[in-house]
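User: Please take me through the aromatic contacts of this model, and set each label against the rule behind it.

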Amino acid sequence: MSAICVPARNKPSETGGEDSADSDPAKRRCVSPSGSSEQHRLDCEREDYLCDVSVILPVHDAARWLDECLQSVLEQDFQRSMQLSIFNDASKDDSMKIIRKWATKLEDRGVHVVIGGHESPHPKGVGFAKNQAIVQSFGRFLCFLDADDVMMPQRVRLQYEAALKHSNCIIGCQIKREPEGSTERYTRWINTLTQEQLVTQVFTSHGPTVIMPTWFCSRKWFDYVGKFDEGGKGVPEDLLFFYENLRKGGSVFRVDHCLLLYRYHSEAATHAVLEETIWKNRVAFLEERVLSSWPSFTIWNAGKQGRRLYRSLSATNQKKVVSFCDVDQSKITKGSYTYQESKDKPKPKIPIFHFTDAKPPFIICVKLDLTGGGFEGNLNSLMLKEGLEYYHFS
């Protein structure tokens, strides 16, 4: 595995080739080989090694989309210094051929390009590729981009301006989905959350409240939070990093402009992550961040999802559940839910109430935007404050 430096105006080398930069280390825009990240970080503390923004681009068999993706990097209207850091994760298609073509064009426009990668039989995963692209980069800020997505021309400029004002923060943006109309509810959720909801709705099945391909943050903050999980296929590295950002006191901010064309397709890496894996991480984070400080609470939904949440909780937090609530009269008439899998004697029996008779705070296991406004109207009628008297876990 190697990382190749590309000085301005010089043609980039292919992954695994010789370094094409000036042989004098003091004059290089240096990228250390994998394994030398500490020296690289020390080198980057020198002002002449820094640029303003590094666009972080992991690549694996992305030839189908790379022309549009790299064209969007070229078309950025950002007037300060910018670098593109690409890490090729064992691509077997024409990705490298396309990257070499575009690297020359980008260098001619003043965008410094660095290319790293490996040619192992199998890819090492998105988390590994992103970490390596960051290690070999030298920008003060990091702008994350997926190879199958397209940036709007003002993306880097507007997120850079936001990042200057929000230092310990992951900056996101609104998106346009491609194909249009795919994942309609998800797209609406991404684009319409309030600033407060970017923090309060972090437990839902949608995942991070600003999606990974829109992330922008300072290198200093990224290093403080820590690198992406490198467990490989099936690991939700973006969700784990997002949670760690919040654990370490970071926040979330969204630039309210559509700055990314976000593609939906069957080959996306997100499809490799099992729902059960996401569920376990969500439950653990909910218990850590919310339930640990609540003496009691009600689960809103006496059906399948509410009971699943109850069964997933630790024994300590199960004991805090004072009731379920619902609008379904058949569930309410039943009167209670008995946890048959419990080893306790007698087995726990949790009462079921109509939502108007239930006691807050609530953990809500009802999906948003699915009832024509019926559920949202019921919730609003209680005049509760999100993030204090209820959280969504749907």
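This is a predicted model: local features need pLDDT of at least 70, side-chain atom pairs count only at pLDDT 80 or more; totals for chains, interfaces and linings use all residues.

Analyst: Residues are numbered from 1 along each chain as its sequence is written, and side-chain values use heavy atoms, with hydrogens and water left out.

User: What makes Tyr 310 and Tyr 337 an aromatic pair, and why is the pair called edge-to-face?

Analyst: Rings of Phe, Tyr and Trp (its six-membered ring) pair if their centres lie within 6.5 Å, and planes under 30 degrees apart count as stacked, over 60 as edge-to-face and the rest as tilted. By this rule there are 27 aromatic pairs. For Tyr 310 and Tyr 337 the centres are 6.0 Å apart and the planes make 85°, so the pair is edge-to-face.

User: Which parts does this pair tie together?

Analyst: Tyr 310 belongs to helix H11 (residues 304–312) and Tyr 337 to strand E12 (residues 336–338), so the pair ties together parts 27 residues apart in sequence.

User: Why is Tyr 310 called buried?

Analyst: Buried means under 20% relative accessible area, exposed over 50%, and partly exposed in between (1.4 Å probe, protein chains only). Tyr 310 has 3% relative accessibility and therefore counts as buried.

User: How do you know that Lys 248 sits over the ring of Tyr 224?

Analyst: The rule asks for NZ of Lys or CZ of Arg within 6 Å of the ring centre and within 35 degrees of the ring normal. The charged end of Lys 248 is 5.4 Å from the centre of the Tyr 224 ring and sits over it.

How values were computed: Helices (H or I, at least four residues) and strands (E, at least two) are DSSP runs, numbered from the N terminus.
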